[in-house]
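Dear colleague,

Please find the structure below, handed over for your use.

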Amino acid sequence: AQEIASKINIVESDLTTYYEANKARYVEPESASISQILVAEEAAAKALAEELKDADGAAFAAKAMEVSIDEATKANGGEIAASIQKGRPAPAGLSSAVIGAVFQTDSGKLASEPIKTDAGFHLVFVRERQAEKQKAFADVRDQVYQELHAQKEQETEQQLMNRLRDEYSVVIHQSKFKTEE
């Protein structure tokens, strides 16, 4: 292990080169913050959707406090505290159908249709959406170092194994490893 560690030398330019070559791995996914109103009946959901189709966040929040049956979000105007990230698991209690609707809806708008789940019918208001963005090198430098170090460690270990195999002409007798069946 010491022999391998002594052969690994990473300088800052190695890190920036690795980061540039692997930029796609260091991306903050598109995200959104949402509020919801949950109702039990489809007719009520459709009526609310019509009533709130041009509502702003304050009007939506007021209506959520009035009519939502979701006790976890009702008091906060339907606000779901956790940020929703595209391509990541949904926060507890949200279905993939709800998440899909979120990323098809603009900021400050109500999703086009109520979404049916086992809990009832969700009216989803997208408070804000953030586009996917590249993480700055400074923010991921430690992660880049760990990944590059692990890669170089593996390469160095493989080189050492190849050198030792060549130098000592190692022969592995596979038949000695066979188990009896």
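**Findings**

Ala59 sits in helix H4 (residues 57-67); helices are DSSP runs of H or I with at least four residues, numbered from the N terminus. The model is predicted, so local features need pLDDT of at least 70 and side-chain atom pairs count only at pLDDT 80 or more, while totals for chains, interfaces and linings use all residues. Residues are numbered from 1 along each chain as its sequence is written, and side-chain values use heavy atoms, with hydrogens and water left out.

Ala59 has a relative accessible area of 35% and is therefore partly exposed, a term for values between buried (under 20%) and exposed (over 50%), with a 1.4 Å probe and protein chains only. From Ala59 to Gly77 the separation is 18 residues in sequence and 9.3 Å in space, C-alpha to C-alpha.

Turning to helix packing, the axes of helix H2 (residues 12-21) and helix H7 (residues 137-168) come within 9 Å and cross at roughly 100°. Axes are lines fitted to C-alpha atoms, for helices over the stretch in contact, and angles run from 0 to 180 degrees between N-to-C directions. H2 is therefore roughly perpendicular to H7, the term for angles of 65 to 115 degrees. Residues in the contact (heavy atoms within 4.5 Å) include Leu15 and Tyr18 of H2 and Val144 and Leu148 of H7. By class, this contact of H2 with H7 has 8 nonpolar, 2 polar and 5 charged residues; Ala, Val, Leu, Ile, Met, Phe, Trp, Tyr, Cys and Pro count as nonpolar, Asp, Glu, Lys and Arg as charged, and the others, Gly among them, as polar.

With kind regards

Technical notes: Helices (H or I, at least four residues) and strands (E, at least two) are DSSP runs, numbered from the N terminus. Angles under 35 degrees count as roughly parallel, over 145 as roughly antiparallel, 65 to 115 as roughly perpendicular and the rest as oblique.
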